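Please look over the sequence and the fold before reading on, and keep both in view while the text moves from one region to the next.

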Amino acid sequence: MDAQLNNRQWLYRRHPEGLVGPEHYELVTMPLATALSAGEVLVEARYWSVDPYMRINQSLKPTYNELPHALDTVQTAGVVGRVLASSVPGLTEGDWVEGMLGWQTHARVHHSVLRRLDPALAPPSTAIGVLGMPGRTAWFGLMESGAPKAGEVVVVSGAAGAVGSLVAQFALKNGCRVLGIAGGAAKCEWLRSRLGLTWAVDYKAHADTASLAEEIKALTGGVDVYFDNVGGWITDAVIPLINRRARIVICGAISQYSGGLDTPELGPRFLHHMLYQRATIQGMLARDYLHRMDEMLRVVGPMLQRGEIVFEETVVKGFENLPATLQSLFTSDHRGKLIVAAE
Ligand SMILES: NC(=O)c1ccc[n+]([C@@H]2O[C@H](COP(=O)([O-])OP(=O)(O)OC[C@H]3O[C@@H](n4cnc5c(N)ncnc54)[C@H](OP(=O)(O)O)[C@@H]3O)[C@@H](O)[C@H]2O)c1
């Protein structure tokens, strides 16, 4: 191997006011020395994740991180790659690994930040999807914060996405009746026919909160668990429909990320419904369950191998497409986990 290689990197250069996109990033090529110190591994990236949290981390207001993502640094991201060279016995050339290596084609890192993957058990790309952070979010968010019981009505917003499509399926496996909210007739048809959801509602077919609420109420009668990925007016429609002792899981609020976190709008007030129904509302973060990753893998891994879970991946080819693909999380119509592949 040459003493150094060309490492292509996407640097986060400018803070977006609204929608994030290619104009906020710059593609650079930097030399990377290939000589390894003790404990180091050289990785070539094959799949990069794009995730809504990237836009949260660009907010100028305090979020779950004290500071926003630093400008002029490589965009933080989950990555799946192959080992090019290793100084540790547990990893050898060709092994598949996952880690927070960022939007770059190569990384030389300490082995402790890598998770070794077994491609015989599941396609490696699933380590940034169903068997990675989104899977962990869906599993613990639903099972621990949502605590669904058989027969209950579970409503999931963002239901056709990476987290939502898994939450909906875990709820079905738990014996719940599940309503997914997603944008567009095609996504709703996919939710019903491929994922087997009890109901699917196209929020884009509704002009306002009242009309959306009316359809959800007519279908379900009331909501026991609301797993919220989007916030905003969709959530305003669901909250007044909660049943006694409902559990509301705040997983995300993607409708507010493109500027709304810095300059929030005030929406309709709904907290009085929490009082009437003695309901609970709980925010949950995937990072709080990192130490229980193996627990999730022991349950969800076999579900995958038995073919019980649909884990669709929308794959965009080409490292150069990363910022545009991040933008499309907020604008276009992928299903399941959106990832970028090297080829
Ligand atoms: N708490 C945690 O630790 C954690 C971890 C992972 C993800 N999350 C959150 O979970 C949510 C989903 O993340 P994901 O990775 O699974 O992404 P995803 O659902 O695969 O992709 C985002 C989807 O959000 C929907 N969307 C975008 N803008 C919207 C808007 N203005 N109004 C309504 N829907 C909109 C789009 O679906 P439609 O076409 O159906 O509108 C889009 O496909 C995000 O809010 C994210 O921040 C939280």
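The paragraphs below take up a sheet, a cavity, the ligand surroundings and a pocket.

This is a predicted model, in which local features need pLDDT of at least 70 and side-chain atom pairs count only at pLDDT 80 or more, while totals for chains, interfaces and linings use all residues. Residues are numbered from 1 along each chain as its sequence is written, and side-chain values use heavy atoms, with hydrogens and water left out.

In the order β2-β1-β4, 3 strands make up an open sheet with antiparallel pairing; strands here are DSSP runs of E with at least two residues, helices are runs of H or I with at least four, and both are numbered from the N terminus, whereas pairing requires at least two DSSP bridges between two strands. Because β2 (25–33) and β4 (73–74) each have a single partner strand, they stand at the edges, and one side of each is left without a neighbour in the sheet. The antiparallel pairing of strand β1 (residues 4–12) with β4 runs over 2 bridges, and Thr 73 in β4 is the bridge partner of Tyr 12.

At least three lining residues come from each of domain 1 (4–129 + 311–341) and domain 2 (133–287), with domain bounds taken from an automatic or database domain assignment.

Around the ligand there are 26 residues, of which Lys 187, Tyr 203, Tyr 257, Met 284 and Ala 286 come nearest, where being near means having a heavy atom within 4 Å. A polar backbone atom of Ala 162 lies 2.9 Å from an oxygen atom of the ligand; the corresponding distance is 2.8 Å for Val 163 and 2.7 Å for Asn 229.

The second largest pocket (an open set with protein on both sides within 12 Å along at least five of seven lines) holds about 500 Å³ of space. Among its 21 lining residues, Gly 231, Gly 232, Asp 236, Gln 256 and Glu 265 lie nearest its centre, and helix α6 (residues 232–238) gives the most to the lining, with 4 residues.

Technical notes: Polar contact = N/O pair within 3.5 Å; in protein donor to acceptor, adjacent residues only side chain to side chain. 1 Å grid on protein atoms, 1.4 Å probe; cavity = no way out; pocket = protein on both sides within 12 Å on 5 of 7 lines; lining within 4 Å. Points joined across faces, edges and corners; volume = space filled by probe spheres on them.
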